[in-house]
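User: Hi! I'm new to reading protein models. Could you walk me through this one?

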Amino acid sequence: MLGILARTMAKDLWYKVKPCGRLVRPVAPTRIPGRYLSHQEGLPKLPVPSLQQTCERYLATLEPIVDEEELSHTKELLAEFQKAGGVGERLQKGLERRARKTENWLSDWWLTTAYLDYRMPVVVHSSPGVVLPRLEFSDRQGQMRFAAKLIAGVLDFKTMIDNETLPVEYLGGKQLCMNQYYQVLSSCRVPGLKRDSVVNHAHRSRPPTHITVVHNFQFFVLDVYNSDGTPLTVDQLYMQLEKVWSSSLQTNKEPIGILTSNQRNSWGKAYNNLIKDKTNKDSVRAIQKSIFTVCLDAPMPCVSDELYHSRAAVQMLHGGGSRWNSGNRWFDKTLQFIIGEDGSCGLMYEHAPAEGPPIVSLIDHVVEYTKKSEMVRTPMVPLPMPQKLRFNITPEIKKDIEKAKQNMNIMVHDLDVKVIVFSHFGKNVPKTHKMSPDAFIQMGLQLAYYRMYQRCCATYESASLRMFKLGRTDTIRSCSIDSANFVKAMDDPAKQKIEKVTLLEKAVKAHRAYTDMAIHGQAIDRHLLGLKLQAIEDLTSMPEIFMDTSYAVANHYNLSTSQVPAKTDCVMCFGPVAPDGYGVCYNPMAEHINFAVSAFNSCNETNATHMAQRLEEALLDMRMLLESTPKAKL
C-alpha cells in the first residue's frame, strides 16, 4: 500500500500567516545569521502516539468501511498485537528510541517511502498542478511581458528566503516549521534505477544565479542577476525572453524533456544512458541547478469559457500530450511556471521537497507582485545572449523519447479532470452556521460519494504536521461513524429534518476533532506506517495487522482530497491515487469555492463530471437543510 500512499500527499492545508506577516519585502532586508536555525531549534519534536490509542482509533476508522466479519477478525489481530511484551510493544519501543535519536522520526522515512521509492511517473500520479486566473493577453508580447514580471516576482520572494526575512507562519498561536521554504528553489529530483534522490543547490557555497526557460521543446539558461548581484529588472528579463523566443522558432526538435514523464525505473535507465555524453550531462546539470523553470507554452486547443478551467488544469498537470506541450517541461524540476501564449497561466511542482503552503505563499506573493506597475528604470547595459542547451540524440535516446511520448499520450487520454467554480456560496455559509468550512465541504464529499455508490469509502485529507520540526503531513480520515450516520440519514424520508441537522453537526464536529488530533501529531496513519517500517528495519516478520484485508481497505483511498486555501483565486489539481478513485482539491474563497475533480477514464465506475455535479448538489442540499430547519434559525 506504500505506492498508494505516495500520491496521497495532497498539499498541506491548515496554515496561515500571522496578521502582521503581509508578504511585503522589507525595505532593507539583512541576513540575520542563524535566525532560521534558531527558529527551527525552538520547535518541538514529532511525538510518537501511544500504541493503545492508535489501535483504538484505527478500529473506529474501520467501522464505516469494512464488514462486521472483517472488523471482528481485525479486533483479534489488534488484541494480539498489543499484548504485553508482544510484537507491538517491541516495535513501539523501537520507534520511541528512533524519536529520541533523530530530529524527526518520520521525515526521512516519509521522503523515501512516499516519494523517492515510488516508481510511477511523477506526472498525474504525484505532481500537482495549479491553475491561476486567466490573463488578458493572447499574443507572444503579452506572454513575454507577464513571464518577465512573474520571474521578477519569484526572485523578490527568493530574496526573503535568502535573507531569512520570511514571516513565520502560525497555527493556533504556535509557530510552524519553515524548512520547506528552503527546499523549493534550486532543487530537482534525480531519477535512479530503483530509488530517486533530490538535489538542492541553494545551500552550496556558490548558489545558482540562473533559471531555465523552455520554448518549443528547447531549453535555455537565463542568468537572472547582474554582475553586481542585483536581479534583472522586468524590462531586462523581457528582452532576454525575446531572445529566447527568437532563437527557438522551429518546433521540429526532439522533445528531450518528455523523458522526465516516464515511469521512474525506465527514466532512470534512459537518464544513465543520456548523461554518458558530456554535452548532455552538462545540459541536464544546468536544468537541475537552475533556480526554477519557466515554460513558454504554445496555445492549446480552443474551448468554451465553461471548459477553459478544466483544459487549463490538464495543461498544468501534463501539458496535453506530445502533440501539445508535454515536451515543453522538465517534470523532475521542483518548480515549473507555465505561461501559455493564449493567456493560460499556472505551475506544477514536484512533490518530494515540499507540501502546498510554501508553493501557495509564493503564488500569492508573485500574483500580487505582477499587478504592481514598474517603477525601476532599466540600465542600458548589454546583456549576454541566453545560452541554449544542446543535446546529442543517439538512436537509443530517440527510441526512449518515442516510448515516453506513447506513455504520456496514454496517461493524457486516461485522465479526466473537471474544474468547477461553485458560485452559490463559499466559506460564508458554513461560518454562519458556526461550522468549519473545511469539515462542511468534506461532509459534502462524503454525501456525494454515498449517493453515487451507496457505500462509504476510505477518504484521505492531508493535515499539516508543521507544528513540529521538519513536519510534513498526516491523514485526516474524513469518513467516520458520524459522517456515515449523516449521509445514510440525509436521503431517508423516515428521518426528521431536525435529526438530520443534528447528525450533520455531529459529523462536522467529529471531523474538526480528528483534524485537531492530526495536526498535534496524534493521528493513526503515520504511526502505523512507522511501526510497519520499524518491523522492516528490525528484520522481523511482518505483523499480521499489516497483512490484514482491513489494512488494505483502509489504505485504498477512493477519495483523495485536499484543501489548499490561497488568497489568489486559483485551484490546485492532482490525479487520483487509486485506479477506481477520485482526486479532489479545493480552494474555499469567501463567497465561492474552486474545485478540481479528477478520475481515470479507464475505470467504468468513476466519472469526474458526475462527481462534480453530485458534490454541487450535496452542498446545496446541506445548505437548504440548515436554512429550512427551525433549529438552525435559533
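User: Is His351 buried or exposed?

Analyst: His351 is buried, with a relative accessible area of 0%. Buried means under 20% relative accessible area, exposed over 50%, and partly exposed in between (1.4 Å probe, protein chains only). Before we go on, this is a predicted model, where local features need pLDDT of at least 70 and side-chain atom pairs count only at pLDDT 80 or more, while totals for chains, interfaces and linings use all residues. Residues are numbered from 1 along each chain as its sequence is written, and side-chain values use heavy atoms, with hydrogens and water left out.

User: Thanks! What does UniProt list His351 for?

Analyst: The UniProt entry, which is unreviewed, lists His351 for "active site". UniProt positions are given in the numbering used here, feature names are shortened, and annotations may be inferred rather than shown by experiment.

User: And where is His351?

Analyst: His351 sits in the loop between strand S11 (345-349) and helix H12 (356-371). Helices (H or I, at least four residues) and strands (E, at least two) are DSSP runs, numbered from the N terminus.

User: Which backbone oxygen does the side chain of His351 reach?

Analyst: That of Ala354, at 3.0 Å. A polar contact is a pair of N or O atoms within 3.5 Å; within protein, one must be able to donate a hydrogen and the other to accept it, and residues adjacent in sequence count only if both atoms are side-chain atoms.

User: Let's switch to His318. Which residues is His318 in contact with?

Analyst: Leaving aside neighbours within four places in sequence, His318 is in contact with Val123, Val124, Ser326, Phe331, Met408, Val412 and Leu415. Contact means heavy atoms within 4.5 Å. His318 lies in the loop between helix H11 (305-317) and strand S10 (335-340), and is buried at 2% relative accessible area.

User: New topic: how many disulfides are there?

Analyst: The count is zero, where a disulfide is a pair of cysteine sulfur atoms within 2.5 Å.

User: What about the largest nonpolar core: how many residues has it?

Analyst: The largest nonpolar core has 94 residues, and those with the most contacts inside it are Phe486, Leu504, Tyr582 and Phe595. Its largest share, 10 residues, comes from helix H15 (residues 437-453). A nonpolar core is a set of buried Ala, Val, Leu, Ile, Met, Phe, Trp, Tyr and Cys residues joined through side-chain atoms within 4.5 Å. Leaving aside neighbours within four places in sequence, Leu504 is in contact with Met435, Phe440, Met443, Phe486, Met622 and Leu626. There is also a second, separate core of 59 residues, which includes Phe146, Tyr182, Val244 and Phe337.

User: Now helix H18. How many of its residues are buried?

Analyst: 11 of the 13 residues of H18 are buried, and the helix is mostly covered. Among them are Asp525, Arg526 and His527. After H18 comes Leu539, with a positive phi near 60°.

User: What should the 13 residues of H18 span?

Analyst: At 1.5 Å a residue, H18 (residues 525-537) should span 18 Å, and its end C-alpha atoms are 18 Å apart, which agrees. The expected span of a helix is 1.5 Å times one less than its number of residues.
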